[in-house]
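Dear colleague,

Please find the structure below, together with its sequence. My notes on it follow, and I would be grateful if you could read them with the model open.

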Amino acid sequence: MVKVRTQTALGRRQFLRSTAAAGAAIALSPMIARGSSASKSDDLNIALLGAGEQGMTLLEAAIQIPAIHFAAVCDIWPYHLKWASGRLRAYRHKHSTYADYRDMLAAEKDLDAVLIATPDFWHSEQAVACLEAGLNVYCEKEMSNTLDGARKMVAAARRTGRLLQIGHQRRSNPNYIHCHDTLLGKARILGRITTVNGQWNRAAKGFNGCPRGQEMDAATLGKYGYESMEQFLNWRWCKGLGGGPMVDLGSHQIDVYNWFLGALPRCVTAHGAHNFFDKATHQWPDNVMAIYEYDTPTGPVSAFYQTIATNSCNGYYEAFMGNEGTLVISEPAHRCGVYPEPYNPAGHWDNWVRAGYLDAPKKQPEKPKIPGAVDARESVPPPKYLLPEIPANLYHQGHLRNFFNAIRGKEKLTCPADIGYETAVCVLKVNQAIEAGEKLSFTPDEFKA
Ligand SMILES: NC(=O)c1ccc[n+]([C@@H]2O[C@H](COP(=O)([O-])OP(=O)(O)OC[C@H]3O[C@@H](n4cnc5c(N)ncnc54)[C@H](O)[C@@H]3O)[C@@H](O)[C@H]2O)c1
């Protein structure tokens, strides 16, 4: 067991670094288990690197967490930098601003951690540099747009002993944790899971445009790897910068498949097409359908996933299907439900309601039966049991809290670099399988960085 020295012996910053360096071992120590208090300050100085849509979401979530102080914000686009800096001023966080992360690392000597929310192709270089500078890193998904980049991040985290949390925030979401630990773990409520079905469908959206007068010059764009303002604003669709919808959105959900099934896939078959957008502008397919095959501890599972960038039907969710029931889970609580199969013994699930694992279905008013209106072969729809109300399911805050508490030595990271790496292997392979037009296998070694 790692011995924890107190803050007074080491100094606050050194203490935080040494606890982070001790990594998983310290986090597992019963002495400092979740919820216990350590005799040191919880203050953390952090920086935001990349202040776009997601960076601002992280900023707004993190700033609500006690003892978090934004000391710096960095973004190459003055328009976003000004936006973020204005928000920090409004919250009275004294901070410096930077365009280039290298200048920030050279100047800021009292940072504990950095939140990285730049486009995917920057993650590896920036995360490695921050880890090498002795900082703990929360890096948005996709961890990297290349496996080589992702591997370098895992290696840097190991080499430096700093923490690297990947932004698959469902890993810290109380609803997801309840379903994983209690419904599927303790209660095995679905029986034997044989199938998974998930999707992220979004309405067709044109390219992002630039507010008038906010264009960056060609030299600045080129310095940071962008060919034009249009490409800079729509990097997700560009090969070499992002990984397309499968990597962008699918990574969150395939991460949940792996987590809930307690396994990594054996192979994947995939189809991708440009059914709507032009290949010249949207380099990645706008429609992707993939089937992963798993050998789980309880048997084989086929797992379908689709992401459609041209129609938002039914939004986004993951559905786990077993011989005794189905769990539908998503970030928005209204999409979640648990459905028993019809031949479950009557009242069987009431035990789970009494145990507090589920909430009973809401009573629906009886509809008058119209003779001949229902085909006798149709199954009666199952009742919808609800997930118990779990406090404040704020999408990103739980994951940030977990990261900060891990730095403080109070928790174990829920999505450390090696888990992020496994997910990257799974989703990047789909793009390869589309290119190859064939089923591709995974070897167990492939998942090890
Ligand atoms: N976890 C989630 O649910 C979630 C949701 C959305 C986005 N994301 C991830 O967050 C990241 C950012 O996505 P976004 O939607 O905010 O993109 P965005 O384009 O809105 O923002 C990216 C920001 O990074 C800045 N930037 C670009 N290159 C830079 C560099 N080299 N150095 C410093 N700043 C740079 C841009 O100026 C911009 O402000 C991506 O990795 C994305 O996959 C995660």
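**Backbone points to check**

Arg188 lies in the loop between helix 8 (174-186) and strand 7. Its phi is near 45°, a positive value in a residue other than glycine. Glu142 belongs to the loop between strand 5 and helix 7.

**Confidence**

Please bear in mind that this is a predicted model. The average pLDDT of the protein is 89, and 87% of the residues score at least 70. The exception I would draw to your attention is residues 1-39, where pLDDT stays under 50. For this stretch the model has 55 contacts beyond four places in sequence. Where pLDDT is low, the predicted coordinates should not be read in detail.

**The parallel sheet and the helices on it**

An open sheet is formed by six strands in the order 3-2-1-4-5-6, with parallel pairing. Its edges are strand 3 (96-98) and strand 6 (164-166), each of which pairs on one side only. From one strand to the next, the twist averages 20°.

Within this sheet, strand 5 (residues 136-139) pairs with strand 6 in the parallel sense over three bridges. Val137 is the residue that stands opposite Leu164 in strand 6.

Two helices may be described together with the sheet. Helix 14 (residues 397-407) packs on it and touches strand 1, strand 2, strand 4 (113-116), strand 5 and strand 6. The direction of helix 14 makes about 165° with that of strand 5. Helix 4 (residues 78-90) lies across strand 1 (44-49), strand 2 (68-74) and strand 3. Helix 4 runs at about 160° to strand 2.

**Helix 6 against helix 7**

Two packed helices are described by the angle between their axes and the distance between the axes. For helix 6 (residues 120-132) and helix 7 (residues 147-160), the angle is about 5° and the axes are 9 Å apart. An angle under 35 degrees counts as roughly parallel, and helix 6 and helix 7 are therefore roughly parallel to each other.

On the side of helix 6, the residues that take part are His123, Ser124, Ala127, Val128, Leu131 and Glu132. They meet Gly149, Ala150, Lys152, Met153, Ala156, Ala157 and Thr160 in helix 7. By class, this contact has seven nonpolar, four polar and two charged residues.

**The surroundings of the ligand**

The ligand is surrounded by 25 residues, of which the closest are Gly50, Gly52, Gln54, Trp77 and Glu140. Sorted by class, the shell has ten nonpolar, eight polar and seven charged residues. Helix 3 (53-62) and helix 6 each supply at least two residues of this shell. Helix 3 gives the most, with three residues.

Trp200 stands opposite Tyr316 in strand 11, and the bridge partner of Gln199 is Tyr317.

A hairpin through two residues joins strand 11 to strand 12. In this pairing, Glu318 stands opposite Ile329 in strand 12.

**Strands 8, 9 and 14**

Strand 8 (residues 265-273) and strand 9 (residues 287-296) run antiparallel and are joined by eight bridges. His271 stands opposite Met289 in strand 9. Strand 8 also pairs with strand 14 (residues 440-441), in the antiparallel sense over two bridges. Cys267 stands opposite Ser441 in strand 14.

With kind regards

Methods
Residues numbered from 1 in each chain as written. Predicted model: local features only at pLDDT ≥ 70, side-chain atom pairs only at ≥ 80, totals over all residues. Axes fitted to C-alpha atoms, helices over the stretch in contact; angles between N-to-C directions. Helix = DSSP H or I, 4+ residues; strand = E, 2+ residues; numbered from the N terminus. Parallel < 35°, antiparallel > 145°, perpendicular 65-115°, else oblique. Contact = placed C-beta atoms within 7 Å. Nonpolar A, V, L, I, M, F, W, Y, C, P; charged D, E, K, R; others polar. Pairing = 2+ DSSP bridges. Near = placed C-beta within 6 Å. pLDDT = per-residue confidence, 0-100.
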